[in-house]
Amino acid sequence: MSPPMYPQAFQELGADGNLLTLFLYSPLEAICTICSITMVSHTTWVKCQEMLDRILGKLAQLCGSCQTLDFRIRQFTGDDLLLPLITKYLFCCGTLHLHQLFKEPNNYPSSFPEFPSKEITYHPSVLASILSLSSLLEVRSLFYELDIL
């Protein structure tokens, strides 16, 4: 489900469209939106898209290897249409978790059953990759350090 509430700076997103939907449709555009990035060079966009593809691949790998992943979710990870949506959802959760403006628990999307947060959603290598992506976009200062979380 979508976050029930957005931070004050993003209240207007509700009128323009759903942030979770944007993450599911175009995760790179979504991260640019929450970081107020309006212009990205073609070269940077391509590099970011390659990095995003690696992050989504890592999330898919974690879903496949996680022993505690609920069987109701696991059955969807084998579907070629649903797996990309699942990994983009997880990318959204990790990105919002790291972004400094998304502080409240009700700022994050939710699912039932829940994904194992430590093993997948907030896996250290995934979070580190999201921070690397933010550095590439030159917005690293908008995100928490891993040791603060």
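**Close-up views of a predicted model**

Helix α3 is followed by Ser36, whose phi is positive, near 60°. Helices here are DSSP runs (H or I, at least four residues), numbered from the N terminus. Welcome to this predicted model, in which local features need pLDDT of at least 70 and side-chain atom pairs count only at pLDDT 80 or more, while totals for chains, interfaces and linings use all residues. Residues are numbered from 1 along each chain as its sequence is written, and side-chain values use heavy atoms, with hydrogens and water left out.

**View 1. Helix α3 is largely enclosed by the rest of the structure.** This helix spans residues 27–34, and six of its eight residues are buried. Here, buried means under 20% relative accessible area, exposed means over 50%, and partly exposed lies in between (1.4 Å probe, protein chains only). To find the buried residues of α3, look for Pro27, Leu28, Ala30, Ile31, Cys32 and Ile34. What covers them includes α2 (19–25), α4 (42–65), α6 (82–98) and α8 (124–136).

**View 2. Phe91 is a buried residue of helix α6.** Its relative accessible area is 0%. Which residues does Phe91 contact, leaving aside its neighbours within four places in sequence? They are Phe23, Pro27, Ile31, Leu52, Ile55, Leu56, Leu59, Ile130 and Leu133, where contact means heavy atoms within 4.5 Å.

**View 3. Ser134 sits in helix α8.** Like Phe91, Ser134 is buried, with a relative accessible area of 0%. Not counting residues up to four places away in sequence, Ser134 touches Val139, Arg140 and Phe143. Keep an eye on Arg140, as this residue returns in the next view, where its side chain meets that of Glu145.

**View 4. Two salt bridges are found in the structure.** A salt bridge is a side-chain nitrogen of Lys or Arg within 4 Å of a carboxyl oxygen of Asp or Glu. One of them joins the side chains of Arg72 and Asp70, at 2.9 Å from N to O. Is Arg72 buried or partly exposed? Arg72 is partly exposed, with a relative accessible area of 34%. Another salt bridge links the side chains of Glu145 and Arg140, at 3.0 Å from N to O. Glu145 is partly exposed too, with a relative accessible area of 41%.

Conventions: Helices (H or I, at least four residues) and strands (E, at least two) are DSSP runs, numbered from the N terminus.
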